[in-house]
Amino acid sequence: MTRTTPSPHRLFFLDWLRILALAGLIIYHVGMYYVSWDFHVKSPFAGPGLEPWMKLSEPWRMSLLFMVSGAATASMLQHGISPNFVRIRSKRLLLPLVLGVVVIIPPQSYFEVVQKWAYAGDFVDFLGLYFSGFHGFCAQGHCLVLPTWNHLWFLPYVWSYTLIAWSVLRLWPSAWLKLSHSCEHVFRGAGLFVIPVAFLLTLRLALFEQFPSTHAWVDDGFNHATYLLMFMLGGVVALSHALRDRLASSRWLALVMALVFWAWLVGARPAKPQEHFVIAIYQWCALVAAFGFSQTHLNRDSALRHRLTPAVFPVYLLHQTVLVLASQALLPLQLWPTIEGPVLIGLTFVLSYAAYTGVSRFPFLRPWLGLHSSPSNQAGLAPQAAAEGSRQ
């Protein structure tokens, strides 16, 4: 029997997972500009060609972020259930959300209505509609919600799950450790795959059709059930050496299975409910592979990790607006996607990071990007703030 105890050292591989997940998110959002799926703005060359490759990460990319966030939260809460924890976390998550809705998101919505509804007013005119909650941009029974949080929906979801975890641990301080201990018993051998997949499949069969994804928080039952489960499992993994070792030892099997079920998903295009079965297996296998390979190969510190970790959250906040603005600036050039796509990826990375470095020099602005007021405090994070970095 393996005793479950919090790691005394920072789990550097979680930092790297966040960094790589952000890179993947930016690439994915650039891809959304070119596929036929709904997005805020679309390329004139948009079509289905990239969609099978988008499916490489689409079923599991957000689950990965929630698992990493859960791991960070569990690690921090093991140091004590402070009454100030909720206040600190709310500041870290909700101040950037307010900034996002008021400042960062409006340009995205402006170019969306220009492209989709041929809006002829200028940006200042649009801001009047945006902040007044105008609901006149409608098509096919769907109206654009204004104001909105767009890609920042992740923040209120993480904040909600953090509040749930904190509340439970206030009443039962050892709850996450005991859950981790229980998972060590049941996630053995085939159970490491079968049991999580069974949970994911059950959620898909019970809730997916009833609660289509909205990211609106109040009516998003399937996403809440799935992401809260991922958040809790992330904490379980962070608190268990044994489970991390099992994920590492299963990484190659998980990778092969993930690729097989991805090929099945995009090649055979199975009908429901078989599609739910395929996605549930693919989703969990991809997560096991991501955690397993990063635990094995990336659990080490470096100057690059130290530089990039605090940038992850601000770049996440800024990247989609930078992407939309860059895409519209490049439109007159009529570049082919094979040229424009890599340019957009590079511009989004570089301009978002440049904006972060500029804003982070002003202490009074740093909290609005989810950063500590002092850069020295940001660099001196407690070891168990595993992968928290900028406190996503």
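The lining of the largest pocket has 25 nonpolar, 15 polar and 9 charged residues. Here Ala, Val, Leu, Ile, Met, Phe, Trp, Tyr, Cys and Pro count as nonpolar, Asp, Glu, Lys and Arg as charged, and the others, Gly among them, as polar. The model is predicted: local features need pLDDT of at least 70, side-chain atom pairs count only at pLDDT 80 or more, and totals for chains, interfaces and linings use all residues. Residues are numbered from 1 along each chain as its sequence is written, and side-chain values use heavy atoms, with hydrogens and water left out.

In total, 49 residues line this pocket. Nearest its centre lie Asp 38, Trp 153, Ser 213, Thr 214 and His 215. A pocket is an open set of points on a 1 Å grid over the protein atoms alone, where a 1.4 Å probe fits, with protein on both sides within 12 Å along at least five of seven lines; lining residues have an atom within 4 Å of a point. Elements that each supply at least two lining residues include α1 (12-32), β2 (142-143) and α13 (274-297). Helices (H or I, at least four residues) and strands (E, at least two) are DSSP runs, numbered from the N terminus.

His 215 sits in the loop between α9 and α10. Its phi is positive, near 60°. His 215 is partly exposed, at 26% relative accessible area; buried means under 20%, exposed over 50%, partly exposed in between (1.4 Å probe, protein chains only).

Leu 146 to Pro 147 is cis, with omega near -10°. Lys 272 and Pro 273 are also joined by a cis bond, with omega about 5°.
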